[in-house]
Amino acid sequence: MKKIMWISTGGTIFCKSGKKGLAPVSDKEMTDKMLIIAGVNSCEVMHNDLMNIDSTDITCDDMRKIGAAVNDAISDCFDGIVITHGTDTMAYTGAVLHHMLENAPVPVIITGSQKPFFTENSDAPQNLRNAFSAACDNRFAGVFILFGSRIMESDKAYKAYTESYDAFISPVNYAAVITEQGFTDLQLPAYSGKYRYNTDFCEDISLIKISPCTKPSDILSAVNNGAKGIVAEGYGMGGVPSKLIDAFADAAAKGVRIILISQCFYEGVFLDVYNVGIRAAECGFVSGGQMTAEAALAQLMFTV
């Protein structure tokens with residue numbers, strides 16, 4: 001029987017209604033009942049009630065704690081790990097864990113729900129059941145987000161819906177689709193190299209979404225506030241307005257790394273098509289291709 005570590009961090013899946021709305025709560029009786037209702041009975045489960053927060057409040061230190069808990073479980077020879085997490089920042093945590101747990105040798109499955117577990121017609125029991133199934137499946141070695149009918153690499157996920165049970169989408173191929181027949185249409189990454197637990201990352205990264213209102217002083221402000229890296233969301237294939245080019249070039253000259261991604265979700269950045277893209281490349285931008293903002297932020301956090 002597989003031995004699976006369940007690391008819970010709060011989020012909607014653990015929420016109960018109170019006088020001031022939904023808030024996460026947790027206790028052993030509750031988690032035991034969740035496993036029974038979800039039908040998780042084919043593996044041995046150990047539960048780590050790591051934190052109990054609304055994911056809106058997640059911090060980089062919290063992500064470090066989650067990564068450390070996963071690394072401990074890997075060191076203790078667990079066969080897989082399930083992380084339950086709030087949906088609003090799940091993609092951020094997933095992208096960071098992708099780098100923190102490089103070449104993870106066992107399945108690390110992040111999931112959650114759009115409705116609290118004990119709410120009528122909640123998506124939580126199904127997501128939890130599928131997450132434990134994936135955590136028991138060696139084909140999913142690495143870090144993944146599982147939600148609704150899809151599994152995706154954790155650095156290639158984006159929350160696109162506030163209510164849909166298929167809340168997360170990916171700009172590239174999904175790792176798997178979940179059907180009544182199980183996990184189908186597998187397109188899993190080919191990891192190579194030894195497992196590395198990376199704890200050293202920089203938090204001084206800025207995200208700037210370019211709009212007609214963006215000013216050169218916005219870039220200067222980020223640099224003056226200590227940004228070591230900037231993720232810039234440009235237009236289309238990677239267009240950056242002329243009025244901002246000099247400010248970004250000055251930032252790059254000062255050693256700030258700049259990744260340019262597109263505000264279009266699909267198909268990504270191509271800096272060799274339009275003049276505005278070529279100028280961006282010349283002044284120090286690096287193409288983020290089809291990266292999400294969460295993925296680009298995480299990449300800079302671990303590489304600046």
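Visitor: In which helix do Asp61 and Arg64 both lie?
Guide: Asp61 and Arg64 sit three residues apart, about one turn of a helix that spans residues 60-75; helices are DSSP runs of H or I with at least four residues, strands are runs of E with at least two, and both are numbered from the N terminus. Residues are numbered from 1 along each chain as its sequence is written, and the model is predicted, with local features needing pLDDT of at least 70 and side-chain atom pairs pLDDT 80 or more, while totals for chains, interfaces and linings use all residues. Side-chain values rest on heavy atoms, with hydrogens and water left out. The helix that holds both Asp61 and Arg64 is H2.

Visitor: What N to O distance is found where the side chains of Asp61 and Arg64 meet?
Guide: Side chains of opposite charge can pair when their charged atoms come close. Asp61 is partly exposed at 46% relative accessible area and Arg64 is partly exposed at 24%, where buried means under 20%, exposed over 50% and partly exposed in between, with a 1.4 Å probe and protein chains only. The two side chains form a salt bridge, that is, a side-chain nitrogen of Lys or Arg within 4 Å of a carboxyl oxygen of Asp or Glu. The N to O distance in this pair is 3.1 Å.

Visitor: Is Asp155, which meets Lys156 in a salt bridge, buried or exposed?
Guide: The salt bridge between Asp155 and Lys156 has an N to O distance of 3.3 Å. Lys156 is partly exposed, with a relative accessible area of 24%, whereas the value for Asp155 is 13%, so Asp155 counts as buried.

Visitor: Which strand and helix each supply at least two residues of the lining of the largest pocket?
Guide: A pocket is an open set of points on a 1 Å grid over the protein atoms alone, where a 1.4 Å probe fits and protein lies on both sides within 12 Å along at least five of seven lines, and lining residues have an atom within 4 Å of a point. The largest pocket has a volume of about 250 Å³, a volume being the space filled by probe spheres set on the points. Of its 15 lining residues, the closest to the centre are Tyr158, Glu233, Ser262, Phe265 and Ala293. The elements that each supply at least two lining residues are strand S17 (257-262) and helix H8 (293-303).

Visitor: What is the volume of the second largest pocket?
Guide: The lining of the second largest pocket includes Gly11, Thr12, Cys15, Asp54, Asp88 and Lys159. Gln114 and Thr162 are also among the lining residues. The volume of the second largest pocket is about 200 Å³.

Visitor: Where is Cys77, which has a positive phi although it is not a glycine?
Guide: The phi of Cys77 is about 65 degrees, and at 58% relative accessibility Cys77 counts as exposed. Its place is the loop between H2 and strand S5 (80-84).

Visitor: What is the relative accessibility of Asn103?
Guide: Asn103, a residue other than glycine, has a positive phi near 60 degrees, and its place is the loop between S6 and S7. Asn103 counts as buried, with a relative accessibility of 16%.

Visitor: How far apart in space are Thr111 and Ser8, C-alpha to C-alpha?
Guide: Thr111 is in strand S7 (residues 107-111) and counts as buried, at 0% relative accessibility. Thr111 and Ser8 are 103 residues apart in sequence, and their C-alpha to C-alpha distance is 9.9 Å.
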